[in-house]
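I am opening a notebook on this structure. I will look at its aromatic rings and then at its nonpolar cores.

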Amino acid sequence: MSKHPERVAMVTGASRGIGRTIALKLANDGFAVVVNYAGSAECAASVVAEIEAAGGQARALQADISDAGAVEQLFATTMAAFGRLDVVVNNAGIMKMAPITSDNLDVLDQTLAINLRGSWLVMAKAAEVLAQGGRIIALSSSVLAKSFPGYGAYIASKAGVEGLVKVLANELRGREITVNAVAPGPVATELFFEGKSEEQVAHIAAMAPLERLGQPEEIAGTVAFLAGPDGGWVNAQILRVNGGFA
Ligand code: NDP
């Protein structure tokens, strides 16, 4: 195993759900992968073990992406371990339901801290350290178009992410670095199922013309396209991957 692999990707929130599947897919595409997580050390270790068992390279690194010092350390450790960074996927995120009321400010603050401030911190460090030809990919959400009650904090945070993506693409002019977002529709993960009844899940699943939930692999495939050679001319875009849930 060479100390410095040819291509290195970081995936935040890669211990579970969509991020886990993105990490496995990018490893399969030949990237050494940094598997970031917040609290699920065992899950992150199992992602690393799965990548290594398939002959790839990976390293689990804990960091709360809303913490500037932790993000600084995450990137410093990545560069020390792998010597370069080519792709950063900011996937980590939370979704908490709360109507827009004065006493739900804590939900707004926590959601903005992780989803928006976290995106800012991760994308800013990515912009600093990415190699020429690098790719930055953020996760937004197709639920922006729905404006469902209770989604205020989440939608505000993801609308902010979409704004950051387009501005950063302009700020990186001349560096050959693309900045895009993938905005999934409802995908079968813990984040989506939590707090929903079977009826609610079935109702939401039936909304898209394809009449089903997405699978993490379908989001990972789009991220891998943006991270790979075929995605090189796609820049400053929000790719809505949602079965037509628009
Ligand atoms: P999950 O809840 O299944 O997984 C979330 C991941 O994010 C976990 O690995 C978790 O780590 C990590 N995480 C949470 N908070 C932090 C933090 N502060 N710092 C670092 N890591 C953190 O979510 P999904 O896989 O469903 O979602 C992934 C992304 O996709 C999110 O940005 C979400 O908003 C977006 N998305 C999801 C949709 C869906 O329907 N599932 C639809 C549209 C968008 P740990 O395990 O350590 O807690």
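**Rings and cores**

Phe148, Tyr151 and Phe245 make up one aromatic cluster. I note that the model is a predicted one.

I counted the aromatic pairs and got three. I looked up the pair of phenylalanine 148 and phenylalanine 245: it is edge-to-face, with 6.5 Å centre to centre and 65 degrees between the planes. This pair links distant parts of the chain, 97 residues apart. Phenylalanine 148 lies in the loop between β5 and α5, and phenylalanine 245 in the segment after β7 (238-241).

Is phenylalanine 245 buried or exposed? I find phenylalanine 245 buried, because its relative accessible area is 3%, and the cut-off for buried is under 20%.

I then checked for charges over rings. The charged end of lysine 146 sits over the ring of phenylalanine 245, 4.7 Å from the ring's centre. Arginine 7 has its charged end over the ring of phenylalanine 31, 4.2 Å from the centre.

Next I turned to the cores. The largest nonpolar core holds 37 residues. Phe75, Val88, Met123, Ile136, Val165 and Val179 have the most contacts inside this core. Among the elements that give two or more residues to the core are α3 (68-82), α4 (105-129), β5 (135-139) and β6 (178-184). A second, separate core has 30 residues, including Ala9, Ile137, Val187 and Ile219.

Which residues does isoleucine 136 contact, leaving aside its neighbours within four places in sequence? I listed several for isoleucine 136, including Val88, Met123, Leu130, Leu168, Ile177 and Val179. Thr178 and Asn180 are also among the contacts of isoleucine 136.

Methods:
Residues numbered from 1 in each chain as written. Predicted model: local features only at pLDDT ≥ 70, side-chain atom pairs only at ≥ 80, totals over all residues. Heavy atoms only, no water. Core = buried A, V, L, I, M, F, W, Y, C linked by side-chain atoms within 4.5 Å. Buried < 20%, exposed > 50% of the residue type's maximum accessible area, 1.4 Å probe, protein only. Helix = DSSP H or I, 4+ residues; strand = E, 2+ residues; numbered from the N terminus. Contact = heavy atoms within 4.5 Å. Phe/Tyr/Trp six-rings, centres within 6.5 Å; stacked < 30°, edge-to-face > 60°. Lys NZ or Arg CZ within 6 Å of the ring centre and 35° of its normal.
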